[in-house]
Amino acid sequence: MNRKTPAPLHKKTQTELQKPWTKTKPASAKTAEIRTAAPKTVSAKVLKQNRQEEAKIYGENACRVAFLQRPEALVRLYLSEQMAPKFADLMKYLAAHKKAYHVVSEAELEKVAGSQHHGGVVLLAKRKAVLSLASYLTHNSRKKQDCLLALDGVGNPHNLGAIARSCAHFGISGIVMKDPELLAHGAAARTAEGGVEFVEGLSCDNLPLALQLCKQAGYTLVTTSSHGGVSLYGSQLPAKVVIVFGEEMFGVSQSVAKSADIALQIPGTGKVESLNVSVAASLILGEWYRQQQ
């Protein structure tokens with residue numbers, strides 16, 4: 001009598017891989033059929049609109065903080081087998097709310113993220129709503145102490161991410177910029193290590209006019225200069241300030257520089273022309289924070 005060869009044993013069943021939070025037996029064929037049923041047909045127009053409203057977040061810390069701060073905004077999750085146990089709670093949340101997650105290969109993750117630096121996990125989430133500077137000033141008019149950043153031509157996502165990380169660390173609530181959507185860039189979110197979730201991107205069409213609006217609201221305008229100005233550590237920074245940083249090559253524009261109330265210089269050896277904009281921002285924000293305590 002011929003005997004059937006037993007099926008090979010796998011280290012992990014598909015259920016264990018897809019559901020690392022549970023040790024239950026594989027679902028029945030009927031249940032599996034329901035789970036793999038084809039989704040409802042969505043028009044190309046709706047799909048395009050949805051993609052425009054979504055942002056990619058990648059990197060372990062960035063994805064973890066996004067989940068903790070705004071779980072309702074999550075759309076879909078992609079992660080490697082190695083990262084699945086670390087995000088078991090997120091996978092469970094998505095399953096409970098009928099949202100998709102996929103355990104995929106490194107190559108697929110790179111394709112989804114559009115970057116090699118995905119860290120084994122990629123989230124698709126609804127973009128944070130962009131707030132106008134005028135709205136922010138109206139809603140926070142009674143604040144006695146507040147610090148905002150204003151960026152004049154700074155667009156590198158890694159610099160933006162590092163700046164957002166420092167803002168979150170020192171309790172800075174907003175960054176004034178012409179294109180706040182740049183903060184939603186995957187590389188910026190990853191570099192910020194979750195910091196973008198705590199900082200508002202405040203939109204403005206014209207930075208000089210926006211800064212004048214801040215002055216009218218009681219803020220002191222502060223710029224930096226590598227060639228002049230008072231020492232950062234010898235100055236008394238006001239409780240309500242807007243600190244303006246420019247693109248590294250040329251600094252802040254002349255129109256912006258002329259409107260400044262205080263020009264700061266970060267003391268150093270002078271062996272290099274200037275500091276990276278994100279480093280300079282961190283030093284000044286740290287000093288403002290120290291003085292306000």
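Q: What makes Tyr 233, Leu 275, Val 279 and Leu 283 a nonpolar surface patch?
A: These four make a patch of about 330 Å². The label applies to residues with over 30% relative accessible area and no salt bridge, joined within 5 Å for nonpolar side chains (Val, Leu, Ile, Met, Phe, Trp, Tyr) or within 9 Å for like charges. A salt bridge here is a side-chain nitrogen of Lys or Arg within 4 Å of a carboxyl oxygen of Asp or Glu. Areas are Shrake-Rupley values with a 1.4 Å probe, and for residues only the protein chains shown count as cover. This is a predicted model, where local features need pLDDT of at least 70, side-chain atom pairs need 80 or more, and totals for chains, interfaces and linings use all residues. Residues are numbered from 1 along each chain as its sequence is written, and side-chain values use heavy atoms, leaving out hydrogens and water.

Q: Why is Tyr 233 called partly exposed?
A: Because its relative accessible area is 48%, and the label covers values between buried (under 20%) and exposed (over 50%). Tyr 233 sits in the loop between strand S10 (230-231) and strand S11 (240-246). Strands are DSSP E runs of at least two residues, and helices are H or I runs of at least four, numbered from the N terminus.

Q: What makes the group around Leu 149, Ile 163, Ile 175, Ile 243 and Phe 245 a nonpolar core?
A: A core is a set of buried Ala, Val, Leu, Ile, Met, Phe, Trp, Tyr and Cys residues joined through side-chain atoms within 4.5 Å. The largest one has 28 residues, and those five have the most contacts inside it. Strand S6 (146-152), helix H8 (157-170), strand S7 (174-177), S11 and helix H12 (277-292) each give it two or more residues. H12 supplies the largest share, 6 residues. Ile 163 touches Leu 149, Ile 175 and Ala 281, among others; touching means heavy atoms within 4.5 Å.

Q: Which residues does the second core include?
A: Leu 74, Leu 77, Leu 79 and Val 121 are among the 24 residues of this separate core.

Q: Why is strand S4 (residues 121-126) called mostly covered?
A: Of its 6 residues, 5 are buried.

Q: How do you know that strand S1 (residues 54-58) pairs with S4?
A: Pairing takes at least two DSSP bridges between strands, and S1 and S4 share 5, running antiparallel. Ala 55 stands opposite Ala 125 there. Strand S2 (residues 74-79) also pairs with S4, antiparallel over 5 bridges, with Tyr 78 partnering Val 122.

Notes:
Buried < 20%, exposed > 50% of the residue type's maximum accessible area, 1.4 Å probe, protein only. Lists of a residue's contacts leave out its neighbours within four places in sequence.
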